[in-house]
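Reader: I am new to this structure. Please take me through its aromatic rings, one close look at how they pair up.

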Amino acid sequence: MDLYMMNCELLATCSALGYLEGETYHREPDCLESVKDLIRYLRHEDDTRDIRQQLGAAQILQNDLLPIIAQHGQDKPLFDACIRLMVNLTQPALLCFGKVPDDPTFRHHFLQVVSYLQAYKEAFASEKVFGVLSETLYNLLQLDWEQRQEEDNLLVERIILLVRNVLHIPTDQYEEKNVDDDASVHDKLLWAIHLSGFDDLLKFLASAQSEQQWSMHVLEVVSLMFRDQAPEVLAKAGQTRSSQEKQKDAQELEALRAKEQAEKHTRTMQRGSRHSRFRGSYVVEGLRSIGEKDVIFHQGLHNFKNYSHDVGKAVRRVPKRKQMAKDTETKRRSALNVRLFLREFCLDFLENCYNHLMYLVKENLQREQAQQHDETYYLWALNFFMAFNRLNGFQPDLVSETLSIRAFHFIEKNITNYYEMMLMDRKEATSWSRRMHLALKAYQELLLTLSEMDRSKDENVRQSANVIKSNIFYMMEYREIFLTLLRKFDERTQPRSFLRDLVESTHLFLRMLERFCTGRNNLMVQKKRVKRRKKSQKKQAAQENTPEALEEAWQIVSQDLRAASFQLPSSLVEGAVPFDAASETPLEEQRTEAMVRIQDALIGRQGPEALSLLRAAREVWPEGDVFGATDVEPDEELDLLKQILFVNLPRTAAQENAIEEEDEKEEEEEELESVRVSETEFNFLEFIKRFASPAIVRPYVLMLRTYSQNTPHTNHCVARMLHRIAVDLKMEPLLFQLSVFCLFNKILGDPAAAVYKELVTFAKFVLKRFFILAARNNKAYVELLFWKNVGAVREMTEGYSHDGEGAKKKSKWTPEEEEELHRLYEEHKDSGVPDIVETLLPLLSNTDRIRRQVVAQMVAMGLVDSVKDLKKEKKGTRIVLWSEDQEEELSRLFEDHKSSDDILGNILKRLTAKRSRARVVDKLLSLGLVGDRKELYKKRRRQATGKSAGMTEEDFFADLSGEPREEGLEKDEDEEEEEVEEDYSDEEEPSEEEKEVESRVLAAQKKRGKSKGSSVERDVNVESMVRSLQQDGLAGPLLWLQNCLNRTANDRAEEGTSHAVPLVPLNEENEDAMDNRSFQKLLRKESFWRIPVTISINQLRGAASSLCPSEELPAGEREQAERPESPEPQDEATSHEQRAQALRALLLARNRKHPSTDTTKSLTAEPMSASDQQQGAGEGRSGGKRSRMLDSDDDDERDEDSSSKMEVGNEIGADDSDGEEHSAPAKRRRHRVLSDDEDN
């Protein structure tokens, strides 16, 4: 813009600022007012940003503002005004225009503003300017909060914003044209920041507790400082390369050299021996030209393979909305001194600022105290600094704030949100795609850091990595995020770099998951299943009420009103409000709405509500006696209500919409309730099968098209995934596609094919398998034209089905069959049979008819109104009464099978009259055949004791309290109630695997002989361990553990509910005890532990009582408690009585110190029989299938950082070595319903 076209007033204002003479700036007397006028002009600029462009063309910032703050910084009002003006002038062009304009005129103005901003950035690359800014900011930060004024805080914020705006200005690549290791304008700016000490002030703002309010601004400035920088380059800056790096570089150079030589050799061989003027012409037989004749080729034969019919044609224009997204990533290597400065900044930032700053930023994001899209700075910082830490010595404690399950959850939630916004906001889909790419790279860096932790030499670091991985692999959302991203990949909005990071992240995740599953036989993971119910038809708001229905409703309403003598309760009188004074609805419409509400209440047979609304409306609208006269009699009110009921009132659209919205809310609530969460055994191969889909293969083939530009690692990731599909899953026909074969042909014909050995080998394997298949399936060549799903692959390899096979044929009913069905229905509809369809099926002449066909035909013929009338009733629900013969049969079956492992299952299979499990259990209890329903539970045997097996929390507390352990993996009460309610038909015969396990258990028991130990022996063992710990000076931690158990028992007794309570040591003595090997042996744990929900109150108090010092007991009781159980079977009852007395003595000793009424109640708990006790102890010691459980952080996010499930080692015998392998506690399959309020 020409200076002479500048606005006169604006030119006069700029002239009144002052003038620059040499290096000295002379300001005018009204300089401050002129700066304020410029701020005022910028506030009123038009859409073309004319004021901003004129000031940029006049170079006001370079020639006036920067010299003013550099030479007249002591004038505080002038300095503040100049900073305000510069913050406004340097704000990004995108912020000025809202977006990149599509209009050519506005696009020109946009580019003009950007060019002025780039000139500003070059002017700011001065040590003198940043020295003034740093000195001013330092003086302001020296002030205490009591001395700091509001103007000081504003100035601090404006200085930070000014630096942010200057760093945000994009680089003009066409003007600079810098190569690597050359100093760009951005590098000069960074060097000025470093020389002025501004970077130290940034680190202080990031780490100081008193400057937390600047956390978001500091993170923005830091992210812009490291723009275009790669953490790999900074981590190696100034360091000598290792021998491995040198060898790797040499291999890459050798590969490039071999590739270049191969291409050169190919070009040499393509040259013909004859001169180019004598190339000749050739007829290509079998290749038709435009007409009917063969193609005539006028080039040399060496060029024929490049021939195409498209040569010479105009390139087809691809619409803009279908073009592939372009990569916007720019990475360059800065000058060495800048890289060294940035490396030192990273080291100091990680050591002193990272954890503190990331915590503050995360808090601001969660509390929505940040601006829109500020989470992108958090995602960038997580990715960059964790990568730098991983590549520069890797110290996990420096990035501990973002190395947790919460970080994974935060990123996963943002990825989901970004994808949803991509679908909804189509115009800004590219911007949302960039944000998703940032989140994906942060997720990838978290996985890389976990992989690095697995290779650490520190056992605690490896254990922490296992805890995090167990939680990640357990949650379904974290496992399937890559499947979803691959399926939904869209090359029009997501660039190739996004696909590259997605492919590499998927490869890393699958490799970590595969290694984690290795050696774990039964890995349990979370599974969510959404049962989508069919939406019920909308309820008709204005339902056609027949006169008969209205008459019936009136009879009921009138009877109710007469029975109440027309008297209404006070609550109805006060709650009846027919008029809304604050509503904008006119009075006439409100009167009609009141009439409609009265009619709705009458139709709903709510007489008192209708009468209360009538009387309230009469008080509001007394004129015209529309709702009756003021002195109306009750009978007259009744007649008025009847008239309102039978009259056809007009209903507004708002009322109908309100009814429809209520119906939609009900449907949404039903759908939310249909999400069920369960646990299932994880199979890695089954998980890989989900990748066998054309939607997954296409992105990988797209990535493989640029194999010559990809890194070797990227090509390996693509080849490994295709190898899993083709070789591991034996589904190579998924790759039998023409575009894939063209790509393989290009790879095999590449002169530098030797560099891509892995791709060449895989391509040859797939082609070989195709030609083998084509030899026996002549349609394989046609199949190359299509992408195939799993069903098509099966047909292609195993044979095609004939027309109509596999599909359900809709059989037609002949008139004779319809007449027969109608006749049979008329004969049996009044017979009282429970299921008429089951009665008619054997009587039909066509015995091939199934129930569904008969039901559909009966509905079509109009014999019944709907399918629901013929719904099949559950078995065992109609039979309630028991005959004498049935009771005798039940008693006989119980006697025959009472010694079996599954008493109830065997009885249900052999009952003549089929009944539900609940009915049979209730009858067995009423007959007195069993005393407790637990006796009917299916006995689950565990494997032989030669292996170490998991021990549940119930067993641990049973050991402490002396109560006998129940059998194996016994279900808790609520699960058993669920199992009892299930239908008998769900029971299945034990599998061959279970029978084999049972036989091994019996054999092991024979070898082992008599079961060792008893509950009393365990009591003695626990007491001896307690006494030993007391002698070691751990009486305080024992008392702390005892108080925790008692406090949890009292809380559960008062609240009536149970929650998992973590044991958290709050002082050094208890923390040291948690690291003590003897104390760990008492707890049978490794690192963290919580009191589980399933432990009863009595077990908790018994466990606490067993921790009492034995010296507090009387001598006789102590001897009784320490006396071991007699091995002779005839003394079992006596031994059991001694154990019970010892337990009572321990509890009494506890009560003498802490009297509690609840504790005395626990003394009256009825002990189990000695035989049951011995059986429970024996079964509890027998080993079982070891299953690894993964912890869920879905219920309580707070437990994600501090605790994981307690791992308990079950030992064969009382005390084994400390080096015993621990296994995760056995966990049963659970179901629960997700509510709408639950968050990931």
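Author: F226 and F384 are both buried. The model is predicted. Start with how the two rings meet. A pair of aromatic rings is described by the distance of the centres and the angle of the planes. For F226 and F384 the centres are 5.1 Å apart and the planes stand at 50 degrees, so this pair is tilted. It takes an angle over 60 degrees to count as edge-to-face, and one under 30 to count as stacked.

Now a second pair. F736 and F741 have ring centres 6.1 Å apart and planes at 70 degrees, so they are edge-to-face. F736 and F741 are buried. By the pairing rule, the count of aromatic pairs comes to 31.

K779 lies over the face of Y800, 5.0 Å from the ring centre. R849 lies over the face of W813, at 4.1 Å from the ring centre.

Last, confidence. The protein averages a pLDDT of 76, and 74% of the residues score at least 70. Over residues 804–809 pLDDT stays under 50, and the model has two contacts beyond four places in sequence for them. Residues 666–673 also stay under 50, with nine such contacts.

Terms used: Residues are numbered from 1 along each chain as its sequence is written. This is a predicted model: local features need pLDDT of at least 70, side-chain atom pairs count only at pLDDT 80 or more; totals for chains, interfaces and linings use all residues. Side-chain values use heavy atoms; hydrogens and water are left out. pLDDT is the predictor's confidence in each residue, from 0 to 100. Contact means heavy atoms within 4.5 Å. Rings of Phe, Tyr and Trp (its six-membered ring) pair if their centres lie within 6.5 Å; planes under 30 degrees apart count as stacked, over 60 as edge-to-face and the rest as tilted. Buried means under 20% relative accessible area, exposed over 50%, partly exposed in between (1.4 Å probe, protein chains only). A charge sits over a ring if NZ of Lys or CZ of Arg is within 6 Å of the ring centre and within 35 degrees of the ring normal.
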